[in-house]
Amino acid sequence: MKNVMERRIKLRPDEVKTFVSTAMKCDFDIDISYNRYIVDAKSIVGVLGLDFSKPLVVRYSGYNEEFENLLRGLSCAC
């Protein structure tokens, strides 16, 4: 079983397109959630339905350097 990574990020609506397109390049599943609402991070419609005023949780179990760099830039100490 792979280790599931969990990162907290702050995402703005203008960053969604970049976030989703970077997630789509990954060959592993990525979920993004707020409270109990969980969506596929590769779905632009799903991600746009999230509450951007709150920290979001990204869960994934693979590695992609470009995705990791993006998450570093979006991460928050929340």
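Visitor: Let's start with the strands: how do you know that E2 and E4 pair?
Guide: First, keep in mind that this is a predicted model. Two strands need at least two bridges between them to pair. E2 and E4 are joined by four bridges and run antiparallel, so by the cut-off of at least two they count as a pair.

Visitor: Which residue of E4 stands opposite isoleucine 30?
Guide: That's tyrosine 60. Further along, isoleucine 32 faces valine 58 in E4.

Visitor: What about E2 and E3: what makes them partners?
Guide: Again four bridges, and again the strands run antiparallel. Here aspartate 31 is set opposite aspartate 40 of E3. The hairpin made by E2 and E3 has two residues between the strands, and asparagine 35 takes a positive phi near 55° there.

Visitor: In what order do the strands of the open sheet come?
Guide: The order is E1-E4-E2-E3, four strands with antiparallel pairing.

Visitor: Why are E1 and E3 said to stand at the edges?
Guide: Each of them has a single partner strand, so one side of E1 and one side of E3 have no neighbour in the sheet. Neighbouring strands in this sheet are also turned against each other, by 25° on average with direction ignored.

Visitor: Now the inside. Which residues have the most contacts in the largest nonpolar core?
Guide: They are Ile9, Leu11, Phe19, Ile30, Ile32, Val58 and Phe67, in a core of 22 residues. Helices H1 and H3 and strands E2 and E4 each supply at least two residues of this core.

Visitor: What does leucine 11 touch, leaving out residues up to four places away in sequence?
Guide: Its contacts are Val16, Phe19, Ile32, Val47, Phe52, Leu56 and Leu74.

Visitor: How do you know whether phenylalanine 19 is buried or exposed?
Guide: Buried means under 20% relative accessible area. Phenylalanine 19 has 0%, so it is buried. Phenylalanine 67 also comes out at 0%, so that residue is buried as well.

Visitor: Which residues do ring pairs link into a cluster?
Guide: Phe19, Phe28, Tyr60 and Phe67. The count of aromatic pairs is three.

Visitor: On to charges: what makes arginine 59 and glutamate 6 a salt bridge?
Guide: The nitrogen has to be within 4 Å of a carboxyl oxygen. Their side chains meet at 2.8 Å, N to O, so the pair passes that cut-off. Arginine 59 sits in strand E4 and glutamate 6 in strand E1, so the bridge ties together parts 53 residues apart in sequence. Arginine 59 has a relative accessible area of 33% and glutamate 6 has 43%.

Visitor: How far apart in the chain are arginine 7 and glutamate 68?
Guide: They are 61 residues apart, with arginine 7 in strand E1 and glutamate 68 in helix H3. Their side chains meet in a salt bridge at 3.0 Å, N to O.

Visitor: Why does glutamate 68 count as buried?
Guide: Its relative accessibility is 8%, and buried means under 20%. Arginine 7 has 19%, so it is buried too.

Visitor: Which residues are linked in a network of salt bridges?
Guide: Arg12, Asp14 and Glu15. Within it, glutamate 15 bridges to arginine 12, with the closest N and O atoms 3.3 Å apart. Glutamate 15 is buried at 19%, whereas arginine 12 is partly exposed at 47%.

Visitor: And how many salt bridges does the count come to?
Guide: Five.

Methods:
Residues numbered from 1 in each chain as written. Predicted model: local features only at pLDDT ≥ 70, side-chain atom pairs only at ≥ 80, totals over all residues. Heavy atoms only, no water. Core = buried A, V, L, I, M, F, W, Y, C linked by side-chain atoms within 4.5 Å. Buried < 20%, exposed > 50% of the residue type's maximum accessible area, 1.4 Å probe, protein only. Contact = heavy atoms within 4.5 Å. Axes fitted to C-alpha atoms, helices over the stretch in contact; angles between N-to-C directions. Phe/Tyr/Trp six-rings, centres within 6.5 Å; stacked < 30°, edge-to-face > 60°.
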